[in-house]
Amino acid sequence: MKKLNIIFVDHQRKKAVSGGQVIRERNKKLFKSISNVFIDYTIRPYSLGRIRRICGLFNKIEGYKFSDDQNLIRLIRENNIDLVVFATSRCGSVSSKIFKLCKTVTLYHNVEYSYFKQEQRPQTLKGKINLLRNLRKLKFCERRLTRKSTLLIGLNKRDSDGLKKLYGRGTDYTWPTTFKDCFNPGQKSDSQEKVLLFVGYNFFGNTDGLFWFIENCLDSIDCKLRVVGNGMDLYKDKYPEKNVEFIGFVPDLSQEYVNADGVLLPIISGSGMKTKTCEALMYGKKIFGTKEAFEGYSGIEKTDCVECNSKKEFIDAINEFYSGNEKPKKFFESCRNLFLEQYEEKRVQEKLISYLESELSK
């Protein structure tokens, strides 16, 4: 593929380790690999609230300033930019001039408008009014990018359908969640416990379903639940009578996966695709997960994973897994093979690069 001059536009984010951050870094890495000139442009918000409110009157969200428009236009012209990549559909408050100067690609982690409505849960009247105002600005930005960008790239069909329903246009290409294969078949378990693993950082999309499972299902199964993720150690005293252990951030999750009998993903809210589903498949793990946990994963029904959407389904499936006198299998070829065939990073990216070469050369 011909090397391109690219600007990659994103906004400053919290440093929490999350699935979205993993996908963002993956995306940036790919576009950098096909670039001749690569400019990583990060929007940093004003520190003064009054100036941010004034910008907000013009639908400037995520800290965008009018000077950012000027800077981007200058960089496009000075560097003969071929392509501007928007890391998220929240970046749509940029000037309309940008879409006339070069081709643009917008990357979707989810339908931001729908996700924001799930995420924000204001309790006061002031909070609810602020939510409505922010939703209006967010919808304006996401609609602009969806309608004006040259190409739209999303994670799954559900998000594409959601965009089409809201804005009249779905994504042009599906780039699902992927992982670089770092599985070591020689790594052995050093645990004798019967344990299920939950991996995920502390936010509503993880904790809603996790707490529901602990409160409704855990007492009815004969195993320990180990919860690993950034900020999850805050709950270490939340369920003192339950067979659950909360661990905080772990820099290398490989031993956690190898030790676990299986992976638990009782996700009941969210959007996009769940990165921890992909990671568990990479390690060949049997997953007990909801429909939401498997959203976007084509072929999951052909693996040993089990979809569970009720208290009874979770309890029955896990107890069956642990029935018998022998220790349960900790590795399933069907799960590992699905990862290698459809969600291994290098294989999927080769297809995407071919698509970009074809579409951007028109």
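Helices (H or I, at least four residues) and strands (E, at least two) are DSSP runs, numbered from the N terminus. The model before you is predicted: local features need pLDDT of at least 70, side-chain atom pairs count only at pLDDT 80 or more, and totals for chains, interfaces and linings use all residues. Residues are numbered from 1 along each chain as its sequence is written, and side-chain values use heavy atoms, with hydrogens and water left out.

I turn to the sheet. Six strands make up an open, parallel sheet in the order β9-β8-β7-β10-β11-β12. β9 (244-247) and β12 (306-307) stand at the edges with a single partner strand each, so one side of each has no neighbour in the sheet. Strands pair here if DSSP finds at least two bridges between them. β7 (residues 195-199) and β10 (residues 262-265) pair in the parallel sense over two bridges, and L197 has V263 as its bridge partner in β10.

Next, the cavity. On a 1 Å grid over the protein atoms alone, a cavity is a set of points where a 1.4 Å probe fits but cannot get out, and lining residues have an atom within 4 Å of a point. How many cavities of 30 Å³ or more does a search of the whole structure find? The search finds one. The largest cavity has a volume of about 50 Å³, a volume being the space filled by probe spheres set on the points, which are joined across faces, edges and corners. α1 (19-33) and β5 (151-154) each supply at least two lining residues, and α1 gives the most, with three. Among the lining residues are I23, Y108 and W175. Thank you.

Conventions:
1 Å grid on protein atoms, 1.4 Å probe; cavity = no way out; pocket = protein on both sides within 12 Å on 5 of 7 lines; lining within 4 Å.
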